[in-house]
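Thanks for coming. I will go through one structure today, starting with the sheet and ending with the aromatic rings.

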Amino acid sequence: MKVKELTGWLDGRYPSSAAEHWDNVGLLVGDDEEEVSHVFLALDLTESTLAQAIDAGADMIITHHPMIFEGQKKINNHTFTGRRILSLIKHNIQYYAMHTNYDILGMAELSADYLQLTDREVLSVTAETQDGQEGFGRVGELPRKMSLKECGEFVKNALSLNDVKIYGDPDTQIEKAAICTGSGKSMISDVLAKGAQVYVTGDIDHHTGIDAVAQGLTIVDAGHYGTEYIFMKAMENVLKEQYPNLQITCAKVQSPYMIL
């Protein structure tokens with residue numbers, strides 16, 4: 001099939017209009033008249049994932065995070081972005097990104113599924129539709145009452161992570177949780193307003209962590225990658241269901257950092 005058939009279907013399911021105004025989603029590099037038979041899925045288009053896609057023989061890459069956020073005045077081999085764009089063109093690989101539109105219309109429910117949250121509601125509302133509210137993150141009840149330390153272990157196991165960080169008294173008892181994948185510190189006010197006792201997210205800095213605890217909120221920082229790499233498997237399942245003949249390869253799951 002042509003690239004435009006696949007991107008058209010994706011935009012129908014996860015409309016680019018749902019993305020935040022500052023975001024950059026859709027077909028970022030390529031020709032939608034080209035044929036696509038092998039899609040490579042990754043969280044980020046890094047040197048490593050691009051090499052994996054080329055080795056796999058993929059003719060299209062779909063990532064969650066856009067490689068291109070801002071206007072490029074020059075595309076050459078002197079910048080890492082330029083080199084990747086040139087490599088995509090050289091190998092005739094089309095590149096598509098689905099970021100905050102997927103966060104709102106896919107990742108929010110997906111992450112709540114991993115934590116087995118019940119009685120869910122949207123954490124940060126971005127739109128009111130005839131089907132209800134849309135937005136970032138979810139708030140709901142954990143499968144059972146647990147301590148913050150137990151919650152940290154629960155999140156770690158649910159997302160198959162090597163480590164998590166917790167902010168707050170490890171013995172604090174928790175029943176109601178909020179989750180927003182990626183970098184969710186800007187939504188702490190929403191978490192507090194919803195009455196959650198713990199917030200699962202990534203990229204929590206020192207001051208944000210201690211300030212949250214001072215307001216009565218505990219935090220499990222599961223990392224940006226740790227909360228969002230689940231995009232790959234979820235998209236693989238969605239694409240296989242819609243296009244059973246489409247070959248799909250996922251990037252290797254590997255945290256971008258290690259604890260020494």
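Ser 183 stands opposite Gly 202 in β9. Strands here are DSSP runs of E, at least two residues, and helices are runs of H or I, at least four, numbered from the N terminus. β8 and β9 run parallel and are joined by four bridges; two strands pair if DSSP finds at least two bridges between them.

A word on the source: this is a predicted model, in which local features need pLDDT of at least 70 and side-chain atom pairs count only at pLDDT 80 or more, while totals for chains, interfaces and linings use all residues. Residues are numbered from 1 along each chain as its sequence is written, and side-chain values use heavy atoms, with hydrogens and water left out.

Back to the sheet. Six strands form an open sheet with mixed pairing, in the order β5-β6-β8-β9-β10-β7. β5 (118–129) and β7 are at the edges with a single partner strand each, so one side of each has no neighbour in the sheet. From one strand to the next, the twist averages 25°.

Next, the helix on that sheet. α5 lies across β6, β7, β8, β9 and β10, at about 120° to β6; axes are lines fitted to C-alpha atoms, for helices over the stretch in contact, and angles run from 0 to 180 degrees between N-to-C directions. Contact means heavy atoms within 4.5 Å.

Which residues of α5 are buried? They are Leu 148, Cys 151, Gly 152, Phe 154 and Val 155. Because they cover an arc of only 160° around the axis, they sit on the same side of α5; the arc is that of the directions from the helix axis to the C-beta atoms. On the other side, Lys 149 and Asn 157 are exposed. Buried is under 20% relative accessible area, exposed over 50%, and partly exposed in between, with a 1.4 Å probe and protein chains only.

Last, the rings. Phe, Tyr and Trp rings (for Trp the six-membered one) pair if their centres lie within 6.5 Å; planes under 30 degrees apart are stacked, over 60 edge-to-face, the rest tilted. By this rule there are five aromatic pairs. Among them, Trp 9 and Tyr 243 have ring centres 5.7 Å apart and planes at 80°, so the pair is edge-to-face. Trp 9 is in helix α1 and Tyr 243 in the loop between α9 and β11, 234 residues apart. Tyr 243 is buried, at 11% relative accessible area.
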